[in-house]
Amino acid sequence: MLALGWLAACASPFDPDERLSFEAPTRAQVAGVPLIKQEDFFCGPASIAMVMQWAGADVTQQDVAALAFSPGAGGTYLADMIGSSRRLGQLATEISDFDQLLTEVNAGHPVIVFQNLGLGVLPVWHYGVVTGYDFDKDEIYLNSGQLDQMIMEFAVFERTWRRGDYWGLVVLPPDQLPASADEKDVLSAAAALERVSQFKAAETLYETGAAEWPDSWLWQFGLGNARYAQGDLLGARRALRRARVLDPAIQEVRANLAFVEAELAG
Amino acid sequence: MGILNISKKSIAIVLSAQLILATQAVTMAQAEMVGTDAAINKYTALASRNALMDEMQRADVQAEIVALGIDPIEAEARLAALSDAEIATMLTQMENDSAGADIVGTLFTIFVILLVTDLLCFTRFFNFTRCVR
C-alpha cells in the first residue's frame with residue numbers, strides 16, 4: 001500500500017494548472033526572510049523567529065521556545081505554534097492547501113509549513129518557512145533551519161507536506177492581513193489575541209480589519225472591547241458607538257456601550 | 001368575555017417578557033462586558049445561516065425544489081432546524097468537495113438543493129444529515 005502510494009505519487013509531477021484553482025504567477029519570492037540556524041529540535045521556534053524577524057520584530061528562537069517548545073516531546077506542537085505566535089502579539093492564521101500557500105507567497109508573506117520529511121512509519125516531523133517557488137525550475141524554496149536555503153522539487157515538497165496534512169501557518173504583525181484568510185478567520189484570530197491578553201495587538205488588528213471590512217460592526221465591537229481592556233474608556237465608547245451606527249439592532253453592542261458609559265459617568 | 005380573557009392574558013405575557021428582557025439587559029450591562037469571542041461565534045453562524053436561507057429564496061432554487069416534489073416551506077423548516085455546528089460542517093464539506101474553488105453561484109445552488117433533498121431522505125450527500133421521515 002505504501003509502495004503503491006509512493007509509485008502513484010512519483011508518476012504525477014506537480015501540475016499547477018491541475019492543483020491550483022487560480023492562475024499563479026510562474027515564480028514568486030519573499031525578500032528579506034533571515035536564515036536562522038536552528039538549535040537542536042528547535043525547528044518550530046526557529047521558524048516563528050524567522051518570520052517575526054522578517055516583519056521587523058526583535059525575537060530569538062529561544063524567546064519563542066520558552067512559549068512553545070515541549071521538552072518532553074522533543075518538539076513543538078501545532079497548537080503551541082499558534083499559541084506562542086499570539087502570545088508574542090502576532091496575527092496567526094492557519095492554511096491547508098496549495099492555493100492558500102501560493103496566494104500568501106505571492107502577497108509577499110512567508111508561510112510556515114509542517115512537513116514529515118520521513119515516511120508515515122518513520123516520521124521526521126519538521127517546520128520550515130516557504131519563501132518562494134519557481135514552476136519553470138520545478139523548485140520551492142524554504143528557510144529550513146540550516147544556514148543554506150533548502151530547495152525542493154515540487155513533487156517532493158508535495159509529499160512531505162501532504163504527510164503533514166497540508167498544515168501551514170501565516171504569522172503577521174497585526175497591522176497586516178493574510179491574503180488567504182476570510183473575515184471570520186481574522187476576527188477569530190483577533191479575539192484570540194484578547195484571550196492571551198495581547199490587547200494592544202488586538203486593538204491594532206481590529207483597526208486593520210475595520211479598514212478592510214468597514215461595513216461590519218464586529219470589528220468596532222472588538223475594538224471597543226480591546227480598548228476597554230486597556231483602560232481606554234473614551235476610545236472604547238467611540239468604537240462601540242460606531243458599531244451601534246453600523247447595526248443599531250445588536251444587543252451586545254448596546255449592552256457594552258451602556259457598560260462603558262456607566263463607568264464613564266460613575 | 002372569553003376573548004377578553006385571552007387578550008388580557010397575552011398582554012400579561014408580552015409585558016412579562018419585556019420585563020425579563022429589560023432585566024436581562026440591565027444585568028448584562030452591570031455584570032461585565034460581553035466578550036468579542038461570544039459575539040463572533042453567534043453572529044458569524046447567523047451569517048452562514050442567512051446565506052443558506054437567502055439561497056433558498058431564489059426563484060431557480062424554489063423551482064428546482066418544487067420540481068423534485070418537495071414543499072418549499074417544509075424545506076425551509078428543515079433547514080432552519082439545523083444547528084450552527086451542522087451548518088458549519090456542511091459549509092466545510094462544500095468547500096472540500098468543490099476542491100478549493102470558491103463556492104459561488106451554480107455550485108452553491110446545487111449544494112443547497114442536495115442539502116434539502118438529504119434532509120427529506122431523497123439523497124444522502126452530506127455526512128452529517130439524518131433524514132426525518
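**Entry 1: helix H7 of chain A**

I started with H7 in chain A and listed its buried residues: A:Phe154, A:Ala155, A:Phe157, A:Glu158, A:Arg159, A:Thr160 and A:Trp161. I kept in mind that this is a predicted model. Helix H7 covers residues 154-162, and seven of its nine residues are buried, so the helix is largely enclosed by the rest of the structure.

**Entry 2**

Next I looked at strands E7 and E8 of chain A. They run antiparallel, and five bridges join them. Strand E8 spans residues 149-153. I picked out one facing pair: A:Tyr141 stands opposite A:Ile151, which sits in E8. The hairpin has five residues between its strands, and A:Gly145 there takes a positive phi near 90 degrees.

Most residues other than glycine have a negative phi. Which way does phi go at A:Asp138, positive or negative? I found a positive value, near 55 degrees, and this residue is not a glycine. A:Asp138 is in the loop between E6 and E7 of chain A. Its relative accessibility is 28%, so I noted A:Asp138 as partly exposed.

I found another case at A:Ser197, where phi is positive at about 60 degrees although the residue is not a glycine. A:Ser197 is in the loop between H8 and helix H9 (199-212) of chain A. With 49% relative accessibility, A:Ser197 counts as partly exposed; the cut-off for exposed is over 50%.

**Entry 2: A:Arg27 and its two partners**

Now for salt bridges. How many does the structure hold over all chains? I got eleven. Side chains of opposite charge can pair when their charged atoms come close.

I looked at A:Arg27 and A:Asp134, whose side chains meet in a salt bridge at 3.0 Å, N to O. A:Asp134 lies in strand E6 (residues 125-134) and A:Arg27 in strand E1 (residues 27-29), both of chain A, so this pair ties together parts that are 107 residues apart in sequence. Are these two residues buried or exposed? A:Asp134 is buried, with a relative accessible area of 5%, whereas A:Arg27 is partly exposed at 47%.

A:Arg27 also makes a salt bridge with A:Asp136, at 3.2 Å, N to O. A:Asp136 is in the loop between E6 and strand E7 (139-143), while A:Arg27 is in E1, so here the parts tied together are 109 residues apart in sequence. A:Asp136 counts as exposed, at 60% relative accessibility.

**Entry 3: where chain A meets chain B**

On to the interface. The contact takes 25 residues from chain A and 18 residues from chain B. I wrote down three from chain A: A:Gln251, A:Glu252 and A:Phe259 lose the most area to chain B, together 31% of what that side buries.

How much area is buried between chain A and chain B? I noted about 1700 Å², with carbon and sulfur atoms giving 67% of that.

Then I checked the polar side of things. Seven residue pairs are in polar contact across the interface, both residues at pLDDT 80 or more. Helices H8 (183-195), H10 (217-229) and H12 (251-265) of chain A each supply at least two residues of the side that touches chain B. By class, that side of chain A has 13 nonpolar, seven polar and five charged residues.

**Entry 4: salt bridges between the chains**

How many salt bridges cross the interface of chain A and chain B? I found two. One joins the side chains of B:Lys42 and A:Glu252, at 2.9 Å, N to O. Another joins A:Arg195 and B:Asp37, at 2.2 Å, N to O. This pair crosses from helix H8 of chain A to helix H2 (residues 36-57) of chain B. A:Arg195 counts as exposed at 55% relative accessibility, and B:Asp37 counts as partly exposed at 24%.

**Entry 5: chain B by itself**

Last, I looked at how chain B is built. Of the 133 residues in chain B, 33% are buried. I also checked contacts in chain B between residues at least 6 apart in sequence: 55% of these join residues at least 24 apart.

Notes: Residues numbered from 1 in each chain as written. Chains lettered and ligands numbered in written order. Predicted model: local features only at pLDDT ≥ 70, side-chain atom pairs only at ≥ 80, totals over all residues. Heavy atoms only, no water. Contact = heavy atoms within 4.5 Å. Buried area = accessible area lost by both parts, 1.4 Å probe. Salt bridge = Lys/Arg side-chain N within 4 Å of Asp/Glu carboxyl O. Polar contact = N/O pair within 3.5 Å; in protein donor to acceptor, adjacent residues only side chain to side chain. Helix = DSSP H or I, 4+ residues; strand = E, 2+ residues; numbered from the N terminus. Nonpolar A, V, L, I, M, F, W, Y, C, P; charged D, E, K, R; others polar. Buried < 20%, exposed > 50% of the residue type's maximum accessible area, 1.4 Å probe, protein only. Pairing = 2+ DSSP bridges.
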